[in-house]
Amino acid sequence: MLTVIVISLFLPEIIYDYNTALKQAGKRERRIYAVIMLISFVILILYSFKITIPSPHGIITKVIGSLFRIET
Amino acid sequence: MKRERVTFNQAMFSIVLFNFGSSVVMGVSTGVGQEAWIPILAATVAAIPLFLIFGRIMQLFPEEDIFGIMNSLFGKTFGKIGIALLTWYAVHLCALVLRDFSEFTQISSMPETPQLPIMILMILTTIYLARSGMRNMGKWSLVMFFFVSLVVIFTFLTAIPQAQVDDLLPIGSHTRAEYFESSFQIFSFPYAETVIFLCLAGSYEKKDSPYKMLFYALFITLIVFVLVFLRNLTLLGPAMMQTSYFPSYVTARIIGVGDFLARIESLISSNFLFAGIVKITACLLAASKGLARLFELEDYRILVLPMGMLAMALSAFLYENTMEMFAFLKYYPYYAFPFQVILPLITWIGCEFYVRKRRKESKLG
Amino acid sequence: MLRFLKKLCAGKTTDIDKKIAGLNYPLEERKFSRSLDENVAVIKKLLTDVDIAQYKLIQSAGKNPARYFLIFFDGIVHSEIVNSNIIKPLMNSKTEEGSPKLEKLLATVVQAGESKIIDTFKAVIESVTHGDTVLFIESCDQAAVFNTRQFSTRAITEPDNEKVLSGPREGFTELLVQNLSQILRRARTNELKTKMMTLGKRTQTKICVCYLDSLVNREVLEELYRRLDKIDIDGVLDSNYITEEIHDYPLSPFRTVGSTERPDVVVGRLLEGRIAILVDNSPVALTVPYLFIENFQSNEDYYFNFYYSSFSRLLRILGFFLTLSVPGLYIAVVAFHQEILPLQLLMRIAMERQSVPLPAALEAVIMLIVFDILRETGVRMPSNIGQALSIVGALVIGQAAVEASLVAAPMIIVVAATGITSLLVPKLNAPMIFWRLFFLIMASTFGFFGLTIGLSLLFIHLNNLTSFGVEHLSLKGSFRLQENKDIFIRFPWPYMIDRPKGLSRNKVRQTGDGIDD
């Protein structure tokens with residue numbers, strides 16, 4: 001269900017943008033656009049399959065915890 | 001293209017709403033329970049020097065955002081490192097706030113719905129708002145400020161009959177470390193997050209000083225926070241206020257307008273969304289502007305959609321559950337401190353040197 | 001010499017048809033030749049099968065009779081004027097030696113008030129189709145046009161959809177000149193500029209751009225001309241053709257060009273620095289720029305007591321929100337947030353709903369469409385069967401459907417409330433139908449959250465709109481009283497010192513001496 005939602009979110013977005021904003025954009029813009037969209041798409045698809053990705057908060061909390069000694 | 005201008009009031013109210021953002025939902029609750037007004041005041045006082053720095057930067061470079069300033073001050077490499085850091089912070093904050101609100105919406109009104117559709121709707125709205133530009137966000141804030149503050153005042157007034165003023169006592173029952181920690185929390189969340197607005201600066205109308213704008217915003221935020229705190233505390237009592245995830249929501253459940261409208265919490269809670277949208281939009285705009293600056297692109301608007309998607313993806317896997325979200329709040333002030341204070345501080349010092357140098361040069365020449 | 005020329009002409013006459021057939025470029029673009037016969041032949045060729053055209057060859061009196069050729073269209077000319085003021089003097093005139101001069105003819109012989117000289121066939125067509133009479137003379141490559149127009153028009157009446165209880169009752173008609181005269185009567189100053197243009201390749205419709213010179217915002221005016229120049233349309237039958245051509249956002253459901261059928265409204269808007277566009281053959285005048293708040297303003301607001309008009313303006317704004325959100329709110333409450341309702345009310349609604357087979361959202365959609373069907377029929381049908389419609393609407397759909405448990409009674413109330421409130425702001429009817437449905441869908445899937453998102457999207461969309469560079473929804477966040485005196489409430493006239501900001505070059509409406517701001 002979630003996978004369908006994710007795909008049906010990305011498809012119209014890309015189609016719409018491709019026909020409007022991306023047409024005038026330069027090569028660089030398009031490349032960055034594509035890369036970021038791809039990253040977020042992969043992450044969201046993985047999320048929809050319930051595959052857990054290590055959260056950046058794990059590292060952040062470890063580093064800060066060792067620096068300041070915070071009790072939780 | 002003509003550069004869009006944001007008027008004084010628009011900018012001020014967007015800062016106010018930004019500060020309300022998630023705080024109005026999460027309630028300004030801290031570890032010190034009934035004495036939370038002390039850290040609120042302390043954090044406000046602590047925010048004053050920071051806001052002075054922000055104001056000074058805005059005043060020295062009224063036509064530039066902080067990314068541009070960093071670029072011209074610190075050279076290409078160091079400037080880009082600074083830009084990258086701030087951009088990351090903006091994306092991360094965007095994800096955090098998005099998550100706050102999707103959790104809140106799920107818990108408050110739709111326990112059976114998965115969070116992803118809620119997030120999608122929210123992020124699409126913010127992307128639309130962000131693409132429409134700064135001025136549009138200003139207009140949005142202007143109108144929504146009245147709605148949100150109307151609700152806050154309304155709930156405050158209706159809470160009065162059930163309020164227990166005794167809950168405010170006793171005073172001075174906590175250790176100094178506890179006070180400090182709470183103050184630090186309120187300082188970094190939400191006051192110091194205003195650093196995002198340094199990223200959006202450069203399009204404000206120049207006739208009023210940025211100091212005035214920032215401090216009016218600070219003052220209004222303070223008043224609303226105190227109102228929210230008083231309302232939550234006197235209705236819930238310190239223990240319940242500390243244990244509930246979303247005290248404002250719980251408060252709204254208790255409040256009733258006569259016998260007729262007994263439970264208006266869902267109506268009230270969806271109103272807080274308006275403030276959240278401003279916060280997410282501001283972060284999204286800052287992130288896209290930063291990224292555009294990082295890769296030296298002309299137009300940041302094209303990046304709003306991918307950045308929004310990225311923020312949503314990020315917020316989807318940030319936490320596994322609501323507990324983790326609140327646990328991270330303890331670490332957040334330390335994590336955010338470099339972005340919120342140190343980076344602007346360095347930039348400000350750089351600015352001052354730059355301006356001195358230029359003034360000398362112009363005197364010589 | 002003259003005889004030689006005549007001979008030449010006579011020799012040519014037989015070949016004229018051949019010559020015309022051999023001409024490559026369009027005849028309309030051609031200039032007149034010096035030969036009367038050739039001109040006549042070209043005209044007749046141009047007006048082949050146009051039987052309404054009337055030709056008349058006249059010879060003057062005197063020894064050296066000159067030949068004149070008249071052309072006009074039957075039915076749109078004043079035949080009395082043509083007969084007695086043009087034909088008769090021409091026949092009686094005595095020509096001197098040589099060919100008569102056109103200017104002299106106009107000055108001494110023909111008795112017509114309005115005349116001009118043209119030299120292309122295109123101009124001939126333009127003139128005769130407008131009811132003018134064209135006069136050709138011999139060996140001259142120019143022709144004269146006389147104004148002999150006479151159309152039958154509708155009388156000036158009060159426009160049906162902009163009725164007022166008090167105040168002027170005149171409305172525009174289909175005749176541009178008459179409409180202009182109504183405006184001129186209300187603004188008798190040389191500052192009132194009336195710029196004529198022609199639009200529509202085939203219909204050649206005249207439009208008139210009116211503005212007050214010292215008030216108008218120059219940028220808006222230039223933008224308007226730029227957009228009008230870009231129009232390349234076949235025909236303009238109503239001003240709405242132009243509305244959609246000059247719209248800032250052609251795909252938005254909201255209009256950013258105002259329209260009215262009343263001269264007093266046009267002049268009121270001119271006085272605020274706006275620009276009016278009058279279109280021939282359409283009683284609807286356009287005004288730009290158009291702000292969102294104008295949807296809620298009415299000319300009657302200014303003719304009535306200000307307390308009353310402020311109140312009704314607030315009612316209209318309330319009506320706008322209600323008609324947008326009431327169905328969505330009801331669905332959100334019934335489907336997601338039942339706890340809001342008091343227990344007794346909730347029980348009653350639940351009891352009503354349990355026998356209804358459809359889900360609430362679908363029920364709402366169907367009922368809204370039924371309401372729109374009723375409304376549409378009401379507009380289109382002949383007025384004498386209106387009774388039948390109200391019986392069908394009220395009895396069959398209202399009462400019988402509820403009694404048969406096809407529809408829940410609260411839903412009827414909701415739809416009725418939506419319908420009635422939508423009549424408060426008739427100018428916004430078109431966009432509201434769609435947004436209402438959108439809100440309904442959002443509310444039925446996400447409850448209040450969806451409704452909030454829907455409202456947000458609407459608000460952002462409205463904020464994005466501009467009308468000729470002026471923001472459609474102007475929210476500068478000014479708390480200055482003077483800028484907010486005609487927005488939500490109307491202040492009494494002595495207190496409205498400034499014009500609406502951003503519309504006009506000249507801010508001050510009146511000096512407002514002796515009034516504290």
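## Three chains and how they meet

Let's begin where two chains touch: the contact between chain C and chain B takes 20 residues from chain C and 29 residues from chain B. On the chain C side, these residues divide into 11 nonpolar, 7 polar and 2 charged. Please keep in mind as you look around that this is a predicted model.

Chain B also meets chain A. Here 25 residues of chain B are in contact with 28 residues of chain A. Which elements of chain B give two or more residues to the side that touches chain A? They are α4 (115-132), α11 (301-318) and α12 (322-364) of chain B. The largest share, 12 residues, comes from α11(B). By class, this side of chain B has 24 nonpolar residues, no polar ones and 1 charged residue.

Chain A has 4 helices and 0 strands, and its elements run α-α-α-α from the N terminus on. Is chain A spread out or compact? Its radius of gyration is 18 Å, well over the 11 Å that the globule rule gives for 72 residues, so chain A is more spread out than a compact globule. Along the principal axes, the C-alpha atoms of chain A fill a box of roughly 50 × 35 × 15 Å.

By class, the contact of α4(B) with α11(B) has 10 nonpolar, 3 polar and 2 charged residues.

From α13(C), C:Glu363, C:Ala364, C:Met367, C:Leu368 and C:Phe371 meet C:Met411, C:Val415, C:Thr418 and C:Gly419 of α15(C). The residues of this contact divide into 6 nonpolar, 2 polar and 1 charged.

### The sheet in chain C

Chain C also holds an open sheet of 5 strands, in the order β1-β2-β4-β5-β3, with antiparallel pairing. Which strands stand at the edges? They are β1 (53-59) and β3 (115-118) of chain C; each has a single partner strand, so one side of each is left without a neighbour in the sheet. From one strand to the next, the twist averages 25 degrees.

You can follow one pairing in detail. β1(C) and strand β2 (residues 67-73) of chain C pair in the antiparallel sense over 7 bridges. Take C:Tyr55 as an example: its bridge partner in β2(C) is C:Ile71. Helix α3 (residues 36-46) of chain C packs on the sheet, where it touches β2 and β4 (132-137) of chain C. The direction of α3(C) makes about 15 degrees with that of β2(C).

Notes. Residues numbered from 1 in each chain as written. Chains lettered and ligands numbered in written order. Predicted model: local features only at pLDDT ≥ 70, side-chain atom pairs only at ≥ 80, totals over all residues. Contact = placed C-beta atoms within 7 Å. Nonpolar A, V, L, I, M, F, W, Y, C, P; charged D, E, K, R; others polar. Pairing = 2+ DSSP bridges. Axes fitted to C-alpha atoms, helices over the stretch in contact; angles between N-to-C directions. Rg over C-alpha atoms; globule rule 2.2 N^0.38 Å.
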